[in-house]
Amino acid sequence: MKKYITIAASLILMISCNTKETKKENTMDISKNPLLVKSTLEYGTPDFTKIKSEDFLPAILEGMRLQNAAIKKITENTETPTFTNTILALEESSTVLDNVNSVFSGLTGANTDDILKENQKELAPKFSKHSDEILLNTKLFAKVKVVYNGLADANLDEESKHLVGEYFKNFSKAGANLSEEKKEKLKEINSEIASLSNDFGKKLLDASKKGGIIIADKTKLKGFSDEKIASLEKDGKYEIQLINTTQQPALQTLENRETRKQLFEKSIHRADTGKYDTSDLVLKMTKLRAEKAQILGFENYASWSLQGTMAATPDKVFNMFKNLIPGSLDKAASEIKEIQAEINKEGEDFKLAPYDWNYYAEKVRKSKYNLNEDDVKPYFEMTNVLEKGVFYAATKLYGITFKKRTDIPTYHPDVVVYELFEEDGSKLGLFFGDYFARDSKRGGAWMSSFVKQSKLRNQKPVIYNVCNSPKPAAGEPALISFDEVETMFHEFGHALHGFFGNQKYASISGTSTARDFVEFPSQFNENWATHPEILNNYAVHYKTGEVIPAELLQKIKDAGTFNQGYSMIENLCSSSLDMKWHTISVNDKIEDVAKFEAEALKSMNLNVSEIPPRYRSTYFAHIFSSGYSAGYYSYLWTEMLSHDAYGWFKENGLLTRENGQKFREQVLSKGNTMDYAEMYKTFAGRDPKAAPMLEARGLK
């Protein structure tokens, strides 16, 4: 959906060393590299006053050298493999690289520059190669297998046993049981996919940042406020940049239909023609993924990828789609009639087009619910939303408190920092909030960490949230839409999952879970945005201090199921495209991305001309550059969990410390330490049901 989150792979992303390629970089004095010196700041947070972009490559190479030496020590050890000399040694072999990569990935996503972009391009295939050299290391896997086979007699705690199982599963899934010949072929494919994925991400970033529209005639921006127009001014003209989704926020308020059409066409075709065309990258990656699956013994990539998830198989995912599509189509059909009637009522004789939807849907919303976005935004000033909404809800549920810190260095002036404390006053961690869009940041919203929770490493978490709300003109308040409010709650739900991790081992701590579980805590946290006690605390008029009127609050709630047919269809379109691309076989000959898309959507009965996919293949970053291949369905899967969990809260008194503590102890603190279905059932006392989601969406 509208969120996007970045999480670590089940092991770690590493790079390999080639002495010829790296000799020049290693002439730098490693001992003085700030990324390799333990930070003296609280919580071990990175000292951004000392870190330069040039520091990353040599630091990563040194971290890799240390990793390789540790792996060699494990494989050459002649003693019987044990948990300590094999699994624990493997877990801790990555400490330096984990520390460096956490900062590197943070900056390349949120505040990149030319040096970091070049680093990404150079390192992408090396990350893949070194990961393969670990996971496809025959001697190393043989030792892991000995420890795994001896688990029944091992004197280990449950978390340590689970860690052994995770390593065995990840080695097996990666192809550790393959012949040496097949391993070499797999390494080649993985390296090529990594390079193509990096190229896709870079092209898409450029396509989005440079693919917007320039308007010379100010009258064509009618519908925008003066403040909004001022924020778009550039060299005497006005530039509207693209965000990562198909539909653009500006389409809701732009009155000029030709301007809307121009912006929409730029968006939907940003990466299918010209120098930013990613079509070839899509075709190459999907073909290579199909080949990879075949080598690993699977019918298609999705079947391989879904191992270890709650869904488990492509059939279960497609069955979920089939159960959701009919009701979503019915709802969307009624919405199309309403919007077309609104167009006709204004004396227009054109047929509803995708670029008209948001503009006229807003009119329908205003007439049907008497809800005007411009009336709502003044009650949602960003800092108020964060401190008196997002944080306040966390305090009420979990007892944690927050203190703003202005003495902690950040990577950009817009970033804010807060320290978190447990109910008893003990320290919990640090939170970085980076909420405004800028050219150095990719689109979307996500959570990740600079420091992961780990008892073994004596680490408390340092976590960041990144969003892309438009930055207001100088001196103006940061007023955001309710959609952006929900995004802030969502991303902090991920943060709570990371903060409450209570694991010994970093690789299975916090958010290091399956894709179709990791979005559950974040989507669940969105529910508190409209809880009366929470909303009345943060939704105050930025000028008058007036609490949001009860009637306006009711309108927001009443409008909650508005446009949900549209929302579900655009999501199902993208989710289906993801699964269709990743259930092709090596024998399928696909030469035209657009044709494949059209046929895929038609086969799912999702070819609704008025509702385009939320992401088309050519700018579907989730699946082609961000690790969600065959996994975009997880947003819908975890939405089901989130609504069912909120139903449990309703049955048990809603916003109480007792309920929050139970959810923390039985879900948020567990990380990847047990079966997810079992975890949910332990919390709720039942398996999840789809009915609450359908009711919340107005589909039932």
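Predicted model: local features only at pLDDT ≥ 70, side-chain atom pairs only at ≥ 80, totals over all residues.

User: Which ring does the charged end of Arg260 sit over?

Analyst: That's the ring of Tyr359, with the charged end 4.4 Å from its centre. Arg289 lies over a ring face too, that of Tyr301, at 5.5 Å from the ring centre.

User: And how do I read two rings together?

Analyst: A pair of aromatic rings is described by the distance of the centres and the angle of the planes. Here the count comes to 50 aromatic pairs. Take Phe141 and Phe171: their centres are 5.8 Å apart and their planes are at 15°, so this pair is stacked.

User: Where in the chain are Phe141 and Phe171?

Analyst: Phe141 is in helix 6 (residues 138–149) and Phe171 in helix 7 (residues 158–174), 30 residues apart, and the pair links these distant parts of the chain. Both Phe141 and Phe171 are buried.

User: What about the pair of Phe450 and Tyr464: what are its distance and angle?

Analyst: Phe450 and Tyr464 are 4.5 Å centre to centre with 35° between the planes, a tilted pair. Phe450 belongs to strand 7 (residues 446–451) and Tyr464 to strand 8 (residues 462–469), so the pair ties together parts 14 residues apart in sequence. Phe450 counts as buried at 3% relative accessibility, and Tyr464 counts as buried at 2%.

User: Which residues do ring pairs link into a cluster?

Analyst: Among them are Phe517, Trp528, Tyr646 and Phe683.

How values were computed:
Residues numbered from 1 in each chain as written. Heavy atoms only, no water. Phe/Tyr/Trp six-rings, centres within 6.5 Å; stacked < 30°, edge-to-face > 60°. Helix = DSSP H or I, 4+ residues; strand = E, 2+ residues; numbered from the N terminus. Buried < 20%, exposed > 50% of the residue type's maximum accessible area, 1.4 Å probe, protein only. Lys NZ or Arg CZ within 6 Å of the ring centre and 35° of its normal.
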